[in-house]
Amino acid sequence: MLEINNLKSRIGDSEILRGVSLSVKTGEVHAIMGPNGSGKSTLAQVVAGHEDYEVSGGSVTYDGKDLLELEPEERAREGIFLGFQYPVEIPGVNNAYLLKAAVNAKRKHQGLGEVDAFEFLKLAREKMAMLGMDPKFLNRGVNEGFSGGEKKRNEILQMAMLEPRLAILDETDSGLDIDALKAVAEGVNTLRSPDRAIVLVTHYQRLLDYIQPDFVHVLSEGRIVRSGDKSLALELEEKGYDWLREAATA
Amino acid sequence: MATESENLESLVNRRYEHGFVTDIATESLPPGLDEDVIRAISARKNEPEFMLEWRLQAYRQWLEMREPDWAHVHYPKIDYNEISYFSAPKSDEDRPKSLDEVDPKLLETYDKLGIPLHERARLAGVAVDAVFDSVSVATTFKEKLADVGVIFCSFSEAVQEHPALVRKYLGTVVPRRDNFFAALNAAVFSDGSFVYIPKGVRCPMELSTYFRINAANTGQFERTLIIADEGSHVSYLEGCTAPMRDENQLHAAVVELVALKDAEIKYSTVQNWYPGDENGVGGIYNFVTKRGDCRGANSKISWTQVETGSAITWKYPSCLLRGENSVGEFYSVAVANNMQQADTGTKMIHIGRNTSSTIVSKGISAGRAENAYRGLVRVMPQAHGARNHTQCDSLLIGKQCGAHTFPYMEIKNPTARVEHEATTSKISADQLFYCRQRGISEEDAVNMIVNGFCKEVFKELPMEFAVEAQALLNVSLEGAVG
Ligand SMILES: Nc1ncnc2c1ncn2[C@@H]1O[C@H](COP(=O)(O)OP(=O)(O)OP(=O)(O)O)[C@@H](O)[C@H]1O
Ligand SMILES: [Mg+2]
């Protein structure tokens, strides 16, 4: 579904991704781990189409199409969802309003009519109950004054409503309490299906206890230096990243 | 980058070249201003002696006044002798005969704004007879209003039919010599609206509906007088969201509101004058004096405005809070795009005891526009217990625009409580990217953020206009980003 081939990306003068290759097939769950500043968020942003990151080499295809040709909103409507590491606040814009606009943008793209207001609310309430979110959050400004954990849950709410084919979750587990972590994991597991794929960026094994990944990759200094199955995550938990760095430079 | 709405405006611009009718043989006066011109205007309108006297005195006062010179707006010098102060309405031969002859781009805008079908023809300047039978609709409204004793008519008609009321209230809120443009208006005003709500009457309808069906082109010197007698209530809407064009660059209107004991006036404006092209050429200069007088105890005057048009807007809807416990409110959204200059704000003058005022101003700047808010809160020595809350927010779209806030406070009574809050925010690239990642286009994202920013003001507008005002903002800001 997603084929990343020798992807290079820079911001200003510094090269941040230095040749990343990754193949994600439908039905799979991939975890990307790696030290701070290694380029995990950058990779996610490039896939989502952030214009600040210049693609200086390589290719990304999605269902065989050149993804880099598409505008960010087109990528989203084609089913790519990014759960942001730092969700932005949009004061004054009603959370439900943004959610509905997003759902409708996607439906329009699929040639469907606008969602029925009643159905929409019903569905949103259901998803919120699953995530342990108070329905009050629908009427707040988008992420406005939300706590760190609340913002992350809100990202998952959006994901649950949009039912993306490819969900990339950038440290959605950071800052969550135990209950929230379970709720988020449940949200992700519900989405798991043979025609969807999930990429989790995380620092913690904890999340992977709840969402079992098929593959684990380690990104270091802009390259994937090691890939393996879920046992790799356990190994990292035990040994840290240094042994991999040494292995990579040796 | 040229926006769609500008393109559309410049297409409509073609009609501008026709200029206005100066056929002396029919009805128009040649350009120029002196006492004879004023006598001629008054004679043509068949005015009583007191009106002529009033106009002449205003003219003499105007001659001694100097045109103001403001720090934040710039415009070329106006030659007052090049203006024709009485021009006949455009003859029907110059107008399109039906909507089929109207520029499709203009019709497209009406569509975007959700203007009702039956109003489009009139707005597009189609000859009135061909439009629809406005007379019967108007008559129904008139009868309904007459049933409860509400007077709502053109200013000229009021001068003929209700001279005592006109004489009693005209110029009592905005005196002739109040300022340069008010004096000019007093001398030469062509027409406008007159409203009187009798004691204890709650006006049975939004006066907007009626107004929109009947508003002829009232011209560049318009005068409105609204009187709400004791215990009465009225909501009035001026303007229209459709792009309004006029051959006259200079507009100097005067609006006077009088609220007697326990009365309430809600005055809403949605204005969309032609702002000029991308370089500001051809836009309207809009210098307006609007003032409400809360003359009686417990009276209330509320101004709500959404302004997107004009090359230059200079206006300060104000409230004189004279009655004990009287309340003044000002809710404003002002959008300035491209080369527009907006200098707006309000004045709240607290005179009576326990008077209170609320100011909510939302300024949006895009392109290279400058948006200035100027607000004066004055608490007179006798105004014990006066309260004011001012909230002044600016939103910037893009990097070349500016917003300026000038709060002035003159507090002469120690018991007054005055609060001022101001914020400036930008639509950030991160916010836009976040929305786009959710599948929402950049334009829709901007609209969403702008509408969120203006929510507090929109909720003050009558329902139907809130929807139109929102659509209007979206159209005005098309292409503002990117
Ligand atoms: N806008 C930017 N301007 C300059 N440098 C940037 C920018 N964005 C990212 N970088 C740099 O790129 C590198 C990779 O950042 P990135 O956010 O992708 O790391 P990460 O792997 O997600 O780290 P973390 O685990 O801390 O979230 C860092 O050194 C960061 O400082
Ligand atoms: Mg990161």
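Leaving out neighbours within four places in sequence, A:His30 is in contact (heavy atoms within 4.5 Å) with A:Leu22, A:Ser23, A:Val24, A:Lys25, A:Ile198, A:Val199, A:Leu200, A:Phe215 and A:His217. This is a predicted model, in which local features need pLDDT of at least 70 and side-chain atom pairs count only at pLDDT 80 or more, while totals for chains, interfaces and linings use all residues. Side-chain values use heavy atoms, with hydrogens and water left out.

**A:His30**
- A:His30 is part of strand 3 (residues 29-33) of chain A; strands are DSSP runs of E, at least two residues, and helices runs of H or I, at least four residues, numbered from the N terminus.
- The relative accessible area of A:His30 is 1%, so A:His30 is buried (under 20%; exposed is over 50%, partly exposed in between; 1.4 Å probe, protein chains only).

**Magnesium site**
- A:Ser41 (OG) and A:Gln85 (OE1) coordinate the magnesium ion (ligand 2) at 2.0 to 2.1 Å; donors are N, O and S atoms within 2.8 Å of the metal (3.2 Å for Na, K and Ca), and sites may look incomplete because water is not among the atoms.
- The two residues are 44 residues apart: A:Ser41 belongs to helix 1 (residues 40-48) of chain A, and A:Gln85 to the loop between strand 6 (80-83) and strand 7 (90-94) of chain A.
- A:Ser41 is partly exposed at 21% relative accessibility, whereas A:Gln85 is buried at 16%.

**Sheet**
- Four strands of chain A form an open sheet in the order 2-1-4-5, with antiparallel pairing; strands pair if DSSP finds at least two bridges between them.
- Strand 2 (14-24) and strand 5 (65-66) of chain A are the edge strands, each pairing on one side only.
- Strand 4 (residues 54-62) and strand 5 of chain A are joined by 2 bridges, and A:Tyr62 stands opposite A:Lys65 in strand 5 of chain A.

Terms used
Residues are numbered from 1 along each chain as its sequence is written. Chains are lettered from A and ligands numbered from 1 in the order in which they are written.
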